[in-house]
Amino acid sequence: MSGHHQALALLLFSAFVAITLAITTWVSRNRHGSAEEFYAGGRLFSPMENGFAIAGDYVSAASFLGVPGLIALFGYDGMLYVVGFLVAWLVVLFFVAELVRNCGRFTLADVVAARMRERPVRIAAGVSSVTVSVLYLVAQMVGAGSLVALLFGGTSTAARAWTVIVVGALMVVYVSLGGMRATTWIQIVKAVLVLGGTLALTVLVLVRFHGNLDTLLHTAAERSGHGAAFLAPGLKYGGDWTARIDFISLGLALVLGTAGLPHILSRFYTVPTARAARRSVVWSVGLIGGFYLMTIVLGFGAAALVGPDAVRDSNAAGNTAVALLAQKLGGGADSTEGTILFAMVAAIACATILAVVAGITLASSAAVAHDLYASLRPRRPGPGGEVAVARAAAVGTGALAIALGLLARDLNAAFLVGLAFAVSASANLPVLAYALFWRNFTTRGAVWAVYGGLVPALVLVVLSPVVSGSPDSLFPTVDFQYFPLQNPGIVSIPLGFLAGWLGTVTSAEPADEAKHAETEVRSLTGAGAV
């Protein structure tokens with residue numbers, strides 16, 4: 001890209017960074033320093049504000065960059081991510097939002113530990129939450145690297161590395177200075193930007209095809225080189241039974257994983273009541289549903305107007321499809337309109353990455369300070385000491401995410417998020433479901449449920465084609481691939497539930513009936529909720 005294009009894109013992105021840093025500075029001057037303020041923003045947000053913030057937290061680089069890219073490359077099969085990401089919110093709405101808000105204070109471990117021995121449960125849930133958060137952060141870093149490679153007209157390793165470092169540094173500043181209140185307002189601003197930008201591009205694509213979706217789909221199919229197969233299942237996941245099982249595995253991970261994502265669960269603590277938490281989810285479902293419907297149009301629009309070959313040439317994983325589409329809609333790389341639209345997409349994508357990584361980093365630092373640090377110390381620290389540890393944990397999480405983001409820079413962002421969802425569904429969902437709904441659940445069952453899902457999920461990922469044994473893997477020159485599926489969900493999710501059941505039925509410790517009754521009443525009525 002020309003220097004003029006780069007300058008405009010960077011100017012728009014710099015404006016977003018300036019606004020968000022101003023918000024963070026303002027919040028840091030007015031903070032009280034309490035744990036409730038840092039982790040939950042004082043529980044002062046309205047359902048609409050929290051709904052927009054949830055949408056801002058959930059619509060990640062994987063959604064804005066990766067999903068349309070997968071649709072542009074693989075057509076129908078790329079839409080699985082859209083269905084999985086959206087249907088997952090029905091699980092959150094009906095089974096999680098109100099109950100978690102009533103039972104917990106700041107983290108997933110609060111819900112589970114309410115009726116168990118705290119120390120082992122908090123350590124297990126904390127380890128799992130940090131693992132899921134780091135995997136999710138890596139996906140955002142990969143999206144940032146892909147975007148800057150296009151922004152600067154090349155694939156310079158140095159440019160990608162510096163982008164990942166800058167994103168990591170900014171997220172640490174947001175979280176350590178502003179806490180949940182600053183993070184929430186950053187996510188609200190980002191949600192408005194991403195929904196507005198996506199709507200504008202969708203309208204332009206539909207205008208280009210005179211509002212005729214049939215013409216859009218047929219043009220995309222012809223341009224793809226696959227013909228009618230582009231609009232039918234099987235292009236990515238239908239080659240053999242292994243690919244089909246991988247398809248089911250990914251679907252399970254996406255639908256069940258959202259309910260266990262630490263940064264999503266933490267959003268329910270920022271509203272004053274369980275009713276407000278439920279209304280927040282209703283708002284977010286409407287916003288997120290509209291967004292994903294528009295990504296389908298953008299994906300097929302990129303296939304029809306840019307072409308899968310051009311998308312693949314720019315980025316093998318398809319992460320730059322939306323930026324190339326915006327440029328094409330504006331009249332090409334040399335046109336003023338194309339420059340403006342490309343700059344808009346680049347700025348929104350960078351804003352998306354910054355807002356999401358801030359939310360994930362906050363959830364991860366809360367798990368480290370509130371669950372791990374507080375449990376491993378002989379004496380529980382006071383609120384001020386815990387918040388100081390959380391700020392330090394944000395720095396450590398940022399450094400780890402930067403290192404892993406540089407290592408995984410050539411993988412698809414949406415695909416990496418699929419792995420995070422698989423680990424979340426395998427480790428966090430079983431323990432959360434059992435704690436809320438099973439009367440006889442014990443401490444051993446809780447610990448076994450977490451590790452029984454977490455360890456198999458991570459081991460199977462390491463032994464899968466994602467890490468070795470194929471040209472597209474992390475380490476293409478070595479081969480220790482023993483597990484054929486790319487997503488471990490179909491194996492690791494049942495193992496998490498099985499381990500939780502097995503740990504409970506073999507436990508010598510009886511379930512605490514009184515605590516279960518108290519948790520049940522609290523979760524359903526809100527009596528005694530913080």
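Student: What makes the meeting of the side chains of Arg 278 and Glu 98 a salt bridge?

Tutor: In this predicted model, a nitrogen of the Arg 278 side chain and an oxygen of the Glu 98 side chain are 2.8 Å apart. The cut-off for a salt bridge is 4 Å between a side-chain nitrogen of Lys or Arg and a carboxyl oxygen of Asp or Glu, so this pair qualifies. A search of the whole structure finds six salt bridges.

Student: How do you know whether Arg 278 and Glu 98 are buried, partly exposed or exposed?

Tutor: The relative accessible area is 30% for Arg 278 and 28% for Glu 98. Buried means under 20% and exposed means over 50%, so Arg 278 counts as partly exposed, and so does Glu 98.

Student: Why are α5 and α12 called roughly antiparallel?

Tutor: Their axes come within 9 Å of each other and cross at roughly 175°. An angle over 145 degrees counts as roughly antiparallel, and therefore the name applies to α5 and α12. By class, the contact between these two helices has 15 nonpolar, four polar and four charged residues.

Student: How do you know whether Thr 295 is buried or exposed?

Tutor: Thr 295, which also lies in helix α12, has a relative accessibility of 1%, and because this is under 20%, the residue counts as buried. Leaving aside residues up to four places away in sequence, Thr 295 touches Ser 63, Val 67, Pro 68, Ile 71 and Val 82.

Student: What makes Glu 118 and Arg 122 a salt bridge?

Tutor: The closest N and O atoms of Glu 118 and Arg 122 are 2.7 Å apart, and since this lies within 4 Å, the pair counts as a salt bridge. Both residues lie in helix α7 (residues 118–151), where they are four residues apart, about one turn of the helix.

Student: Why is Arg 122 called buried, and what is Glu 118 called?

Tutor: Arg 122 has a relative accessibility of 7%, which is under 20%, so Arg 122 counts as buried. Glu 118, at 40%, falls between 20% and 50% and therefore counts as partly exposed. Asp 371 has a relative accessible area of 1%, so Asp 371 is buried.

Student: What makes Phe 106 buried?

Tutor: Phe 106 sits in the loop between α5 (80–103) and α6 (108–113), and its relative accessible area is 3%, under the cut-off of 20%, so Phe 106 is buried. Not counting residues up to four places away in sequence, Phe 106 touches several residues, including Tyr 39, Arg 43, Tyr 269 and His 370. From C-alpha to C-alpha, Phe 106 and Ala 367 are 8.7 Å apart in space, although 261 residues separate them in sequence.

Technical notes. Residues are numbered from 1 along each chain as its sequence is written. This is a predicted model: local features need pLDDT of at least 70, side-chain atom pairs count only at pLDDT 80 or more; totals for chains, interfaces and linings use all residues. Side-chain values use heavy atoms; hydrogens and water are left out. Helices (H or I, at least four residues) and strands (E, at least two) are DSSP runs, numbered from the N terminus. Buried means under 20% relative accessible area, exposed over 50%, partly exposed in between (1.4 Å probe, protein chains only). Contact means heavy atoms within 4.5 Å. Axes are lines fitted to C-alpha atoms, for helices over the stretch in contact, and angles run from 0 to 180 degrees between N-to-C directions. Angles under 35 degrees count as roughly parallel, over 145 as roughly antiparallel, 65 to 115 as roughly perpendicular and the rest as oblique. Ala, Val, Leu, Ile, Met, Phe, Trp, Tyr, Cys and Pro count as nonpolar, Asp, Glu, Lys and Arg as charged, and the others, Gly among them, as polar.
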